[in-house]
Amino acid sequence: MGELKIELTRRSALFGAAGAAAAAGLAATGVAHAAAEKQGALFQPVSRYGVGDMELTTLLDGAVPVGDPQKTFGMNVDADTFGEASENNFIPADNFKAFFTPTVINTGNELVLFDTGVGEGGRPARGNMRAALESAGYTPDQVDIVVLTHMHPDHIGGLMEGGAPAFPNARYVTGQAEFDFWSGMDPEANGVTQLMAKNVTPLADNMTFLGDGDSVVPGITAMQAFGHTPGHMTYMIESGGQQLLLAADLANHYVWSLGYPDWEVRFDMDKEAAALTRRRVLNMLASEKIPFVGYHMPFPAVGFVETDGDGFKYVAESYQLSL
Ligand SMILES: [Zn+2]
């Protein structure tokens, strides 16, 4: 499968207007016209939902085909087991698509962005979050708060743009344990600490550090989900009697991580803790029927969880959050 082509809303709107004008012209003249040209895959990089009185928009930063999935998922099972699970769920075992999906929430009082994508270094295949934000009707200077779920590069990469803060009016929020872990290391230790030194440390004076149960703003509560990284946080959104969990990297594939929570994932730093956390939180989502946004779920990345044997199944949102 070829690389996904991302069309922006504004451009799509123009195409739509041109198409309508052409159709009107044809109706008026009755003149025959050439067959429409193929346009390639079309994919809206934004999708908006309601959670109580809040508006939630998922923003596609990128979608990238990746070969050899077992280098990342199901590292502790044999190839036959992996192949069978994949086939049973209608996906190939030799290729997958990795999605990157920051979320922006308009609470009515603040515009809160959760994670920032891979940033300018990842373009053109990734790093489209700013374009998606614009497509969603927001400008970077409208963002009041940027929440970082954890410090992996695909989440903090978009904090800076051309060497300056990408969201010039924002304050920042992240987990205390996450910040302490990475900032306690030599800045040159690895790719994460290097990017953190460049993108996060310069903003630390304007950063609030949260623990389990602390609030970003009323209705947005931090919930620890350690394992993927030592201080990885999820955020529970509550408004008007509705709930939704921003699950970040709790589970990174809709089949291989939900169906088989104990399958080891390369990017889970503490694989045992990550698996335990995954089971605990997925159980909670399934039993309470709470929808979630998963940063690496198939775009638009909003779904529900149901129990399925010893694991879980991803149920993509249909219209529940747009009624
Ligand atoms: Zn990630």
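Strands here are DSSP runs of at least two residues, numbered from the N terminus. I note at the outset that the model is predicted.

**Entry 1: Glu 317**

I looked up where Glu 317 sits and found it in the segment after strand E18, which covers 311–316. I then checked its surroundings. Glu 317 is buried, yet it has no salt bridge. The nearest side chain of opposite charge belongs to Arg 48, and that is 13 Å away. A salt bridge would need a separation within 4 Å.

What lies 3.1 Å from a polar atom of the Glu 317 side chain? I found the backbone nitrogen of Gln 320 there. Leaving out residues up to four places away in sequence, I listed the residues that Glu 317 touches: Tyr 49, Val 302, Gly 303, Phe 304 and Ser 322.

**Entry 2: the open sheet**

I traced an open sheet of seven strands and wrote down the order as E1-E2-E5-E6-E7-E10-E11, with mixed pairing. Which strands stand at the edges? They are E1 (46–51) and E11 (207–210); each has a single partner strand, so one side of each is left without a neighbour in the sheet. From one strand to the next, the twist averages 20°.

I followed the pairing of E2 (residues 54–59) with E5 (residues 103–106), which is antiparallel and runs over four bridges. In this pair, I found Thr 57 opposite Val 104 of E5.

Last, I looked at helix H5, residues 176–183, which packs on the sheet and touches E10 (171–175) and E11. The direction of H5 makes about 85° with that of E10.

Key:
Residues are numbered from 1 along each chain as its sequence is written. This is a predicted model: local features need pLDDT of at least 70, side-chain atom pairs count only at pLDDT 80 or more; totals for chains, interfaces and linings use all residues. Side-chain values use heavy atoms; hydrogens and water are left out. Buried means under 20% relative accessible area, exposed over 50%, partly exposed in between (1.4 Å probe, protein chains only). Lys and Arg count as positive and Asp and Glu as negative; His and the chain ends are not counted. A polar contact is a pair of N or O atoms within 3.5 Å; within protein, one must be able to donate a hydrogen and the other to accept it, and residues adjacent in sequence count only if both atoms are side-chain atoms. Contact means heavy atoms within 4.5 Å. Two strands pair if DSSP finds at least two bridges between them. Axes are lines fitted to C-alpha atoms, for helices over the stretch in contact, and angles run from 0 to 180 degrees between N-to-C directions.
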